[in-house]
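Student: I have a new model open and would like to work through its fold. Can we take it step by step?

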Amino acid sequence: MKKPPQFGYTLIEVIVSLTILSGMALMLSGILGTASNNWVRGEEMVEASQAGRTSLDLIAREMASPIVGPRQQFQIMNGATLRGSVNAEIPQVPSSSMAAFWLAPLGSDGQLRRVGYYLERIEDRSFFRLKRLFTSPTGSAFVSSQQVAASESASEEPTCATGGGGLLSDLEEPAFDDSDPDNEEAVVSTVAEGVLGLWFQSLDSMDNEIPWVSESEVHPSCEAGDGGPMGMAFNSAAMFQMATSAPLGLEDEPTFLYYRETESMTKGDRLPSAVEITILTVDSIAIQQARDRFPDTPLPTMETLLNEDQGTLDVEASIQLLKEKLEELGIRTSRTFSTRVKLANGS
């Protein structure tokens, strides 16, 4: 009896089929891997964007609470001035970065608390953070409105143009220590990760940019070690005057002038009327990729460029400079966020 024909695959056909299937599997795996990486990268960028907006909203809400005046101080400074104004070792604050500190009636019965925001940069761990300082109601860093009034009225020295003055000078090192859960001096927290730029622009009641106090030629100045020639951007306890409807004196004069301290002049008007806050963020994946490509090159530090003729902060030029330096390391996904806060003015 004749056997029916048998069909099958030769070894060569099996090998060819397996090769084709393996190639297709590798292609599919590559596509899925790329899609997964893009998804993760997209999620990181969204998170960085959300963190930037959220942190900006937080600063704006808290900055709107203080009643700004020459005694309830409001100060904007660079990192070097911050480090030179407190009795603490905080080297992780970049010298050229910006920081803002103020007194706000956030305690019971109007008790004042110091509130501030500054940048932390720990290069070897890729930590680029926006930090918040809030003095505890039980710690020695607490200050009452009576203490502020007494310390200001008792001072016979000219207001320092570059130093932090009484607002920060009595803060000890524990106030900036966020590693101790039992810290009774203050509450220090991380507001957002991946923040490489933070700028504060002070404005008067006519929305004019206020010159940096450390750029004034007539204002009392301090030693270079207290912040140097570009230390203090604004100090509500400084000596200044502004026009309410027209420039001071002649039409070609500025709307804002600094003065030397005199016995007949009160210590400053109630400014700033508003503050424009800008931050620049970079997602963690972009930071890590830049570190992998250029392991020996640190990420660029923000700078504060000033308009030479006015002594005011040039935010746009400062941002553009930082972005150009980031692009040299292949980081093209940085995001900037900005908002303007109207401040409450008082005595």
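**Overall fold**

Tutor: Residues 24 or more positions apart account for 74% of the contacts in the chain with a separation of 6 or more. Keep in mind that this is a predicted model.

Student: How many helices and strands does the secondary structure of the chain come to?

Tutor: The chain has 347 residues, and 45% of them count as buried. Its secondary structure comes to 5 helices and 15 strands.

Student: Which strands stand at the edges of the open sheet of 6 strands?

Tutor: The order is β6-β5-β4-β3-β2-β8, with antiparallel pairing. The twist averages 15° from one strand to the next. An edge strand has a single partner, so one of its sides is left without a neighbour in the sheet. That describes β6 (186-193) and β8 (232-235).

Student: Is β3 largely enclosed or left open by the rest of the structure?

Tutor: Look at its two faces. M98, A100, W102 and A104 are buried on one side, and A99, F101 and L103 are buried on the other. In a regular strand the side chains alternate between the two faces of the sheet. In β3, 7 of the 7 residues are buried, so this strand is largely enclosed.

Student: Which residue of β4 stands opposite F101?

Tutor: β3 and β4 (residues 113-122) run antiparallel and are joined by 5 bridges. L103 stands opposite R114 in β4. For F101, the residue opposite in β4 is G116.

Student: And on the β2 side, which residue stands opposite F101 in β3?

Tutor: β2 (residues 74-78) and β3 also run antiparallel, with 5 bridges joining them. The residue of interest is one of those buried on the β2 face that holds M77. Opposite F101 stands Q75.

Student: How many residues of β2 are buried?

Tutor: Both faces are covered. F74, I76 and N78 lie on one side, with Q75 and M77 on the other. β2 is mostly covered, and the count of buried residues is 5 of 5.

Student: At what distance does a polar contact join the side chains of N235 and Q75?

Tutor: N235 belongs to strand β8. β2 and β8 pair in the antiparallel sense over 3 bridges, and Q75 stands opposite N235. The polar contact between their side chains is at 3.5 Å.

Student: Why does N235 count as buried?

Tutor: The cut-off for buried is under 20% relative accessible area. N235 falls under that cut-off, so it counts as buried, with a relative accessibility of 3%.

Student: Which strands stand at the edges of the open sheet of 3 strands?

Tutor: The order is β7-β11-β14, and the pairing is antiparallel. Its twist averages 15° from one strand to the next. Each edge strand has a single partner, so one side of each lacks a neighbour in the sheet. The edges are β7 (195-203) and β14 (335-342).

Student: What is the bridge partner of I277 in β14?

Tutor: In β14, the partner of I277 is T339.

Student: At about what angle does α5 run to β7?

Tutor: Helix α5 covers residues 315-328. The helix lies across β7, β11 and β14. Its angle to β7 is about 170°.

Student: What arc do the buried residues of α4 cover around the axis?

Tutor: α4 spans residues 284-293, and its buried residues are A286, I287, A290 and R291. They sit on the same side of α4, because their arc is only 135°.

Student: Which residue caps the N-terminal end of α4?

Tutor: Look for a side-chain oxygen by the backbone nitrogen of I285.

Notes. Residues are numbered from 1 along each chain as its sequence is written. This is a predicted model: local features need pLDDT of at least 70, side-chain atom pairs count only at pLDDT 80 or more; totals for chains, interfaces and linings use all residues. Side-chain values use heavy atoms; hydrogens and water are left out. Two strands pair if DSSP finds at least two bridges between them. Helices (H or I, at least four residues) and strands (E, at least two) are DSSP runs, numbered from the N terminus. Axes are lines fitted to C-alpha atoms, for helices over the stretch in contact, and angles run from 0 to 180 degrees between N-to-C directions. Buried means under 20% relative accessible area, exposed over 50%, partly exposed in between (1.4 Å probe, protein chains only). The arc is that of the directions from the helix axis to the C-beta atoms. A polar contact is a pair of N or O atoms within 3.5 Å; within protein, one must be able to donate a hydrogen and the other to accept it, and residues adjacent in sequence count only if both atoms are side-chain atoms. Contact means heavy atoms within 4.5 Å.
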